[in-house]
Amino acid sequence: TWHLKKIPQIVRERTFSLDSPKFEAKTKLELNSVCGIECQRKLPVPSLSDLKNLLSYETVFENGTRTLTEVNVLGAVLDPAGNTSTRRPPRKKRQIYGTDSRFSIYDKRFMTNFPFNTAVKISTGCSGILVSPKHVLTAAHCLHNGKDYVKGSKRLRVGLMKMKSRGNGRKRKGTSDGMPSFQWTRVKSTHIPKGWFKGVSGDIALDYDYAVLELKRPHKRKYMELGISPTIKMMPGSMIHFSGFDNDRSGQLVYRFCSISDESNDLFYQYCDAEPGSTGSGIYLRLKEPNKKKWKRKIIAVYSGHQWVDINGEQQDYNVAVRITPLKYAQICFWIHGNDENCTQG
């Protein structure tokens with residue numbers, strides 16, 4: 001079962017207008033030299049004033065204007081244990097770990113139905129997931145490199161997968177009824193936490209590699225619910241799942257699942273096979289609720305990508321995901337609803 005947690009409140013204090021961004025940064029689908037497992041263990045627990053700064057956020061609107069919203073954090077429980085994690089043996093250097101365990105989804109019965117049809121493509125080259133009738137959760141680095149917004153994010157679009165009929169009603173041998181294509185929707189505004197920006201954290205902090213996009217028009221699909229990520233020991237079903245649009249399988253929706261190898265307070269380290277293009281995907285758990293036949297699914301992390309880090313003087317790699325902690329749940333939920341009344345249960 002899900003372990004409910006008391007959710008802190010994020011309250012808007014002041015909103016300022018900022019200069020329009022330049023939108024000149026290059027999109028980078030793989031991040032280097034970030035704070036890895038060893039570094040995370042040594043990080044101090046942020047104070048309340050740190051949290052208020054890190055969780056304040058920028059909003060960019062489709063006309064290129066930008067605001068900064070300062071927030072207050074109420075009811076946050078600061079964990080004195082710090083970023084503890086379980087040590088595991090190191091892995092070898094590769095992005096596909098051993099046998100490639102990814103599944104390409106071809107059958108349109110799956111592709112156009114829940115949960116696979118909640119996966120979306122972001123026009124800057126990443127993936128994302130539908131979290132409300134008008135909102136998409138993705139990775140911050142898909143829009144911003146820590147210093148400036150990436151090229152193309154000014155006219156950002158989100159692609160929802162649909163089936164394209166072949167015309168003439170004829171079916172080619174060995175193929176499904178149609179080929180996947182995307183229905184593109186413009187983005188009205190984007191929210192990125194200040195913790196992602198280099199000026200605030202010194203270097204880009206993966207802990208804050210998440211963003212929410214508000215669509216110009218609502219979609220009519222079922223979307224994925226948010227949940228608070230449990231620890232590895234409390235993980236229902238023990239497996240994480242996510243679908244995205246990996247660059248090496250162009251035009252295909254790629255699904256994978258695996259267990260989590262290591263964790264810190266804000267990050268999951270795992271070896272789900274993934275290639276660039278799938279970053280920004282929503283990682284979810286599924287479990288059977290008591291006395292119910294259907295599976296329940298909730299997003300508990302955002303896939304940040306394949307990382308190289310220095311551990312004890314050696315380059316190690318892993319695939320990393322940003323956990324949805326109670327604080328991040330409160331912030332993402334606030335961005336979606338515009339208030340914290342709908343965000344009290346994680």
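Author: Start with accessibility: buried means under 20% relative accessible area, exposed means over 50%, and partly exposed lies in between. Keep in mind that this is a predicted model.

Reader: Why is Glu225 called partly exposed?

Author: Glu225 has a relative accessible area of 36%.

Reader: What makes Glu225 and Lys296 a salt bridge?

Author: The rule asks for a side-chain nitrogen of Lys or Arg within 4 Å of a carboxyl oxygen of Asp or Glu. For Lys296 and Glu225 the N to O value is 3.0 Å, so the pair counts. It links distant parts of the chain: Lys296 is in strand 18, Glu225 in strand 12, and they are 71 residues apart.

Reader: How do you know that Glu58 and Arg66 count as buried?

Author: Glu58 has 9% relative accessibility. Arg66 has 17%. Buried means under 20%, so both count as buried. They also form a salt bridge, with the closest N and O atoms 3.2 Å apart.

Reader: What makes Lys328 and Asp266 a salt bridge?

Author: Their closest N and O atoms are 2.8 Å apart. The cut-off is within 4 Å, so the pair qualifies. Lys328 sits in helix 5 and Asp266 in the loop between strand 15 and strand 16, 62 residues apart. Both residues are buried.

Reader: How many salt bridges does this rule give?

Author: Eight.

Key:
Residues numbered from 1 in each chain as written. Predicted model: local features only at pLDDT ≥ 70, side-chain atom pairs only at ≥ 80, totals over all residues. Heavy atoms only, no water. Buried < 20%, exposed > 50% of the residue type's maximum accessible area, 1.4 Å probe, protein only. Helix = DSSP H or I, 4+ residues; strand = E, 2+ residues; numbered from the N terminus.
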